Amino acid sequence: MNILMVLTSHDRLGTTGERTGFWLEEFAAPYYVFSDAGADITLASPEGGQPPVDPKSFHPDAQTESIMRFNQDPAAKVALAHTVKLSLVSDADYDAVFYPGGHGPMWDLAEDSDSIALIEAVYAAGKPVAAVCHGPGVFRHAKTADGSPLVRGKSVTGFANTEEEEIGLTEVVPFLVEDMLRENGGNYSKAENWKPHVVTDGHLITGQNPASSEGAARALLRQFKATTHG
């Protein structure tokens, strides 16, 4: 099984002067779920090379077993430092795609034509497409074959408005994930702030927040097995 994980290249948190990027747990937990399942993993980003990590995801309160494992895994660090340029990726080479969150994707991946085309092609091929936390922001402009929003009529989740409010970034982000999913016709649901919540609708898989990252990855594997083995 070949899985593509797509990470942000954007490192500026709006006009705050602070740094952002991808959230480390949302990369590390799925990475090891896939790796432990024997998958071949390719990492990609719009600019290639080392994608920026949100510095807040290094905070002691944010540490998890997956992050500690990553910190002691030289091979994973090398892979992360050498992501492939997204423009060089072919959807035909992969069985599934996974988007970790962090605030960065809302600025670059949500608007990136290569990312949008990748999502549309992978989804149209019936392969699993998954995103967690702010990751579902990448579906903002993605369409199905008939030109309607990819999430229209589908059960989805993503970073909740109440979670964005709690961290004080409602007025900083370019859009709110929950609002966008609803406006695009998605049937949005959420759990309590910071509690795991994963939604699977066919081969579209979404997770609400960092606590949902491992669950979203496991849901992707289940969906892959269901579609390939009946």
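## The chain as a whole

Of the 230 residues in the protein chain, 54% count as buried. The model is a predicted one. Its protein chain contains 7 helices and 9 strands. The radius of gyration is 16 Å, close to the 17 Å that the globule rule gives for 230 residues, so the chain is as compact as a globular protein of that length. Taken along the principal axes, the box filled by the C-alpha atoms is roughly 45 × 40 × 30 Å.

## Surface and charge

The protein chain exposes about 9700 Å², and carbon and sulfur atoms supply 48% of that area. Its side chains include 17 positive and 31 negative ones. The centres of these two sets lie 2 Å apart.

## Leucine 221

L221 belongs to helix α7, which covers residues 213-229. Its relative accessibility is 10%, and because buried means under 20%, L221 counts as buried.

Apart from its neighbours within four places in sequence, L221 is in contact with M1, I3, V33, F34 and A37.

## Glutamate 178

E178 is placed in helix α6, residues 177-183. With a relative accessibility of 7%, E178 also counts as buried.

The side chain of E178 reaches the backbone nitrogen of N161 at a distance of 2.8 Å. N161 is also among the residues that E178 touches when those up to four places away in sequence are not counted; the others are F159, A160, Y188 and K190.

## Glycine 101

G101 is located in the loop that runs between strand β4 (96-99) and helix α4 (113-124). How large is the relative accessible area of G101? The value is 0%, and G101 is therefore buried.

Leaving aside neighbours within four places in sequence, the contacts of G101 are with G21, F22, W23, E26, V132, H134 and G135. G186 lies 85 residues from G101 along the chain, and the C-alpha atoms of these two glycines are separated by 19 Å.

Conventions:
Residues are numbered from 1 along each chain as its sequence is written. This is a predicted model: local features need pLDDT of at least 70, side-chain atom pairs count only at pLDDT 80 or more; totals for chains, interfaces and linings use all residues. Side-chain values use heavy atoms; hydrogens and water are left out. Helices (H or I, at least four residues) and strands (E, at least two) are DSSP runs, numbered from the N terminus. Buried means under 20% relative accessible area, exposed over 50%, partly exposed in between (1.4 Å probe, protein chains only). Contact means heavy atoms within 4.5 Å. The radius of gyration is taken over C-alpha atoms; the globule rule is 2.2 Å times the number of residues to the power 0.38. Accessible areas come from the Shrake-Rupley method with a 1.4 Å probe; for residues, only the protein chains shown count as cover. Lys and Arg count as positive and Asp and Glu as negative; His and the chain ends are not counted. The place of a charge is taken as NZ of Lys, CZ of Arg, CG of Asp or CD of Glu. A polar contact is a pair of N or O atoms within 3.5 Å; within protein, one must be able to donate a hydrogen and the other to accept it, and residues adjacent in sequence count only if both atoms are side-chain atoms.
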